[in-house]
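Take a moment with the sequence and the 3D view. Then follow the chain step by step.

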Amino acid sequence: MRKQPYSPTRTEADMLDDRALRLGTYIAEHSATVRSTAAVFGVSKSTVHKDITVRLPKLHAGLSAQVREIIEKNKQERHIRGGLATKRKYETEKNLRHRHMELH
């Protein structure tokens, strides 16, 4: 049986760096929000934020700049998304009340 070549184990720092790069790439490719990125990767919003603001700039300046632009745009638009979510909520409640009234 042949010996496997030496392979250094990945450190926790390597794994964190990889995660930061994957998060940044995902945000850049999908123009994703911090919240949606956190949901996709199964991590907290705080983790996404720290990875893209602290780790990513040290690893890939170009990707970091691109992600920063997307996050800034998302921050400027969040009040619009919030308003649309509230509108949908009340429209759904209204439709449920109407259906309830029709059944009785």
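## A walk through the helices

Asp51 sits in helix 3. The model you are looking at is a predicted one. Is Asp51 buried or exposed? Its relative accessibility is 0%, so Asp51 counts as buried; the cut-off for buried is under 20%. Now look at what surrounds it. Setting aside neighbours within four places in sequence, Asp51 is in contact with Arg19, Ala20, Leu23 and Leu56. Asp17 lies 34 residues away along the chain, yet the C-alpha atoms of Asp51 and Asp17 are separated by 8.1 Å.

Next, step back to the helices themselves. Two packed helices are described by the angle and the distance between their axes. Here, the axes of helix 1 and helix 3 come within 9 Å and cross at roughly 100 degrees. Angles of 65 to 115 degrees count as roughly perpendicular, and helix 1 and helix 3 are therefore roughly perpendicular to each other. Which residues make the contact? Helix 1 brings Leu16, Asp17, Arg19, Ala20, Leu21, Leu23, Gly24 and Ile27. Helix 3 brings Thr47, Val48, Asp51, Ile52, Arg55, Leu56 and Leu59. Sort the residues of this contact by kind, and you get nine nonpolar, two polar and four charged.

Now turn to the core. In soluble globular proteins, nonpolar side chains tend to be buried together. In this model, the largest nonpolar core has 14 residues. Ile27, Val48, Ile52, Val67 and Ile71 touch the most other members. Where does the core come from? Helix 1 (12-30), helix 2 (34-41), helix 3 (45-59) and helix 4 (61-103) each supply at least two of its residues. Beyond its neighbours within four places in sequence, Ile71 is in contact with Ile27, Ala32, Val34 and Ile52.

Thr37 belongs to helix 2. With a relative accessibility of 0%, Thr37 counts as buried. Its contacts, leaving out neighbours within four places in sequence, are Leu23, Tyr26, Ile27, Ala32 and Val48. Ser64 belongs to helix 4. At 3% relative accessibility, Ser64 counts as buried. Again leaving out neighbours within four places in sequence, Ser64 is in contact with Ile52, Leu56 and Pro57.

Aromatic rings come next. A pair of them is described by the distance of the centres and the angle of the planes. How many aromatic pairs does a search of the whole structure find? It finds one. Tyr26 and Phe41 form this pair, with 5.5 Å from centre to centre and 85 degrees between the planes. The arrangement is edge-to-face. Tyr26 is in helix 1 and Phe41 is in helix 2, so the pair ties together parts that are 15 residues apart in sequence. Phe41 has a relative accessibility of 30%, so it counts as partly exposed.

Finish in a loop. Ser31 lies between helix 1 and helix 2. Most residues other than glycine have a negative phi. Ser31 has a phi near 50 degrees, a positive value in a residue other than glycine. Is Ser31 buried, exposed or partly exposed? With a relative accessible area of 46%, Ser31 is partly exposed.

Definitions and conventions. Residues are numbered from 1 along each chain as its sequence is written. This is a predicted model: local features need pLDDT of at least 70, side-chain atom pairs count only at pLDDT 80 or more; totals for chains, interfaces and linings use all residues. Side-chain values use heavy atoms; hydrogens and water are left out. A nonpolar core is a set of buried Ala, Val, Leu, Ile, Met, Phe, Trp, Tyr and Cys residues joined through side-chain atoms within 4.5 Å. Buried means under 20% relative accessible area, exposed over 50%, partly exposed in between (1.4 Å probe, protein chains only). Helices (H or I, at least four residues) and strands (E, at least two) are DSSP runs, numbered from the N terminus. Contact means heavy atoms within 4.5 Å. Rings of Phe, Tyr and Trp (its six-membered ring) pair if their centres lie within 6.5 Å; planes under 30 degrees apart count as stacked, over 60 as edge-to-face and the rest as tilted. Axes are lines fitted to C-alpha atoms, for helices over the stretch in contact, and angles run from 0 to 180 degrees between N-to-C directions. Angles under 35 degrees count as roughly parallel, over 145 as roughly antiparallel, 65 to 115 as roughly perpendicular and the rest as oblique. Ala, Val, Leu, Ile, Met, Phe, Trp, Tyr, Cys and Pro count as nonpolar, Asp, Glu, Lys and Arg as charged, and the others, Gly among them, as polar.
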